[in-house]
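Please look over this model with me. My notes are below, point by point.

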Amino acid sequence: MDAFTTLTGLVAPLDRPDVDTDQIIPKQFLKTIKRTGLREGLFYDWRRRKDGSQDPEFFLNQPRYQQASILLTRDNFGCGSSREHAPWALLDQGFRCIVAPSFADIFYNNCFQNGILPVVLKASDIQALFEGVATQDGYKLTVDLATQQVTTPQGTAYHFDIDPFRKDCLYRGLDAIGLTLQHAPQIGEYEQRRRTQAPWLFQDVK
Amino acid sequence: MAAQTLFEKIWNDHVVRAEPDGTTLLYIDRHLVHEVTSPQAFEGLTVAGRSPRRAAAALAVPDHNVPTTDRRVAIADPISAKQIQTLDDNCGTFGITLFGMNDIRQGVVHVIGPEQGFTLPGMTIVCGDSHTSTHGAFGALAFGIGTSEVEHVLATQCLVQKRPKTMEVRVEGQLSPRCSAKDIILAIIGKIGTAGGTGYVIEYTGSAIRALSMEGRMTLCNMSIEGGARAGMVAPDETTFNYIKGRPMAPNGALWDQAVAAWRNLHTDAGAKYDAVVELRAESIAPQVTWGTTPGMVTGVDGNVPDPSTMRDEKLRQATERALEYMALKPGMPIRDIRIDKVFIGSCTNSRIEDLRLAASFAKGKKVAGSVHAMVVPGSGLVKQQAEQEGLDRIFKESGFEWREAGCSMCLAMNADVLQPGERCASTSNRNFEGRQGAGGRTHLVSPAMAVAAAIEGHFVDIRQWS
């Protein structure tokens with residue numbers, strides 16, 4: 001996983017609450033057995049008009065947002081299905097950071113597994129950022145994980161919270177499984193204790 | 001010891017170690033695997049040269065992508081076929097038990113776990129699927145995970161987790177006749193909203209919950225995620241033990257007695273505190289119908305589609321307008337005037353034998369309206385077999401319903417069972433997002449009884465007064 005330290009990038013605004021993972025990447029793109037190449041499916045239905053042609057109004061079809069690496073959106077982003085194809089598709093499009101007032105739990109977790117930083121800010125601060133994007137072409141934010149700050153082109157800085165453990169893993173780009181495997185002896189001790197306490201939990205599935 | 005909630009007891013039993021900031025390495029007892037969210041996890045293991053820590057703690061089944069038509073014919077979609085073949089291959093390589101597509105035990109992953117006695121009280125259970133919350137009906141801590149975490153569990157039998165908060169949802173009283181667990185959970189989501197449970201594990205309590213069968217409790221816990229909660233749970237009781245006893249993977253003999261004795265402690269102690277409490281009266285719950293594009297956009301069948309022009313909150317008004325436009329509904333129109341084209345009875349929410357018995361009892365001797373196409377997709381091969389032994393398939397077919405093979409089917413429309421653009425469906429599934437059942441399709445979530453009545457009348461009817 002790529003580390004996330006600091007990012008200065010173009011901001012793309014998706015001004016809708018409750019964006020679910022079925023919209024982020026519809027089912028027909030879940031048949032893949034790969035993690036890559038999912039950009040094509042990102043917001044597939046929303047990118048298109050009813051006749052199937054590309055909708056030039058949709059934010060990701062606008063030239064000014066083509067190189068965006070920060071997605072600005074509203075409450076409960078990533079709700080619904082647990083499909084990790086959603087962060088994979090966003091990553092494939094170039095997004096490394098998503099800024100919203102709130103996220104759905106599973107999606108929030110999935111971001112950290114893929115080197116994407118989900119940033120939670122107050123709804124009023126999010127509103128201010130939407131207004132900033134609307135009024136300035138080429139609007140960029142700087143997201144600094146070490147200091148936990150999002151800074152606007154005008155120099156306004158917003159602080160965000162993040163679990164210290166998650167922050168450390170993302171900042172250093174650590175392999176989560178490798179970290180857990182360092183505790184293999186402790187896992188073994190746990191299993192031994194539980195096997196005595198609750199042996200039915202260890203019946204083989206067959 | 002201090003009074004504990006059910007959740008706290010299970011959580012504490014599974015802590016392997018904790019970081020200073022409370023981040024916990026949580027032991028996972030059981031792992032369900034399906035074809036859509038696992039290929040990249042197995043690939044990850046292979047690339048890193050890792051093997052499963054306890055392959056015998058996992059059970060795999062293809063369900064999302066399988067056809068619900070004749071299985072003797074090759075799958076028409078080569079990409080679907082490859083994904084299913086990949087699951088078969090991975091299970092062979094890594095030594096994981098698989099119920100293949102032509103195994104009678106094959107079915108929707110959240111139907112087969114309980115059916116086999118794989119799902120037991122007090123367990124931690126995960127699956128790369130958000131509806132893993134279903135298994136909480138047994139007093140287990142069960143939640144959906146992403147593919148990276150699927151790989152993590154395979155490699156370590158653990159997950160790194162931050163402890164969630166607890167929410168009690170208490171439903172006291174008696175449901176109206178013909179109302180069901182589906183109506184309870186839709187009413188709860190209507191009350192707390194689609195993000196109301198975010199960050200929480202819900203425990204459902206109260207006399208109306210205790211009165212539910214295991215099937216009903218599974219329907220309830222299944223849709224916890226639609227209220228934002230990764231997990232929902234019901235404390236196990238005699239109903240639970242009676243359901244599990246004698247199932248193929250359940251403990252038996254002395255081990256059964258030992259397990260049941262332990263399971264009797266799995267309840268919230270008197271005096272234990274939840275972080276939040278929500279209360280509903282069962283009597284106040286009408287048969288529910290969603291009118292919009294999130295499960296929280298829901299009302300009673302005796303209600304009307306909301307009118308955005310009366311809404312003061314600008315964001316709410318915009319979201320409502322957009323939903324009504326997508327759903328092609330007029331503000332203020334009675335729910336009962338909504339005409340439907342398709343009916344889907346199935347999914348991990350409502351495809352168990354009790355759901356099918358109930359649906360058949362309403363369909364018996366009646367005909368599906370000429371303008372409606374209706375299908376029943378049993379939750380597993382064993383549910384299908386049981387239903388056929390009871391003659392339910394004949395009742396459905398005589399009424400004009402299609403009777404299919406087991407799978408996820410039109411709940412997410414990954415296989416060939418898809419709504420066409422503009423088609424309107426009464427569905428017993430769990431999500432009414434835009435395009436969920438097919439691009440441009442319009443979904444109304446309802447209970448099995450409401451779905452049957454809508455199939456027969458061609459529009460929604462109040463099942464309480466329907467004859």
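The points cover chain A first, then helices of chain B.

1. Ground rules. This is a predicted model, where local features need pLDDT of at least 70 and side-chain atom pairs count only at pLDDT 80 or more, while totals for chains, interfaces and linings use all residues. Residues are numbered from 1 along each chain as its sequence is written, chains are lettered from A and ligands numbered from 1 in the order in which they are written, and side-chain values use heavy atoms, with hydrogens and water left out.

2. Chain A, overall. Seven helices and seven strands make up its secondary structure. Helices here are DSSP runs of H or I with at least four residues, strands are runs of E with at least two, and both are numbered from the N terminus. In sequence order the pattern of chain A is β-α-β-α-β-α-β-α-β-β-β-α-α-α. Its C-alpha trace spans about 65 × 45 × 25 Å along the principal axes.

3. Of the 206 residues in chain A, 55% are buried. Buried means under 20% relative accessible area, exposed over 50%, and partly exposed in between, with a 1.4 Å probe and protein chains only. Take the contacts (heavy atoms within 4.5 Å) in chain A with a separation of 6 or more: 65% of them join residues 24 or more positions apart.

4. Positive phi in chain A. Most residues other than glycine have a negative phi. Phe43(A) has a positive one, near 50 degrees. Phe43(A) sits in the loop between α1 (21-24) and β2 (70-72) of chain A. Its relative accessibility is 0%, so Phe43(A) counts as buried. Asn76(A) is not a glycine either, and its phi is positive at about 60 degrees. Asn76(A) belongs to the loop between β2 and α2 (85-93) of chain A. With a relative accessible area of 2%, Asn76(A) is buried.

5. Helix α6 of chain B. This helix (residues 181-192) has 12 residues and reaches 17 Å from first C-alpha to last, close to the 16 Å expected at 1.5 Å a residue. The expected span is 1.5 Å times one less than the number of residues. α6(B) is mostly covered, with 10 of its 12 residues buried. Among them are Lys182(B), Asp183(B), Ile185(B) and Ile192(B). Gly193(B) follows α6(B) and has a positive phi, near 85 degrees.

6. α2 against α5 in chain B. Helix α2 (residues 39-48) and helix α5 (residues 147-156) pack at about 50 degrees, with axes 8 Å apart. Axes are lines fitted to C-alpha atoms, for helices over the stretch in contact, and angles run from 0 to 180 degrees between N-to-C directions. α2(B) and α5(B) are therefore oblique to each other. Angles under 35 degrees count as roughly parallel, over 145 as roughly antiparallel, 65 to 115 as roughly perpendicular and the rest as oblique. The crossing of α2(B) past α5(B) is right-handed. A crossing is right-handed if the near helix is turned clockwise from the far one by less than a right angle, and left-handed if anticlockwise. Contact residues include Phe42(B) and Leu45(B) of α2(B), and Val150(B) and Leu154(B) of α5(B).

7. α12 against α14 in chain B. The axes of helix α12 (residues 353-363) and helix α14 (residues 392-399) come within 9 Å and cross at roughly 45 degrees. That makes α12(B) oblique to α14(B). Here the crossing is left-handed. The residues of α12(B) in the contact include Ile353(B), Leu356(B) and Arg357(B), and they meet residues of α14(B) including Ile395(B) and Phe396(B).
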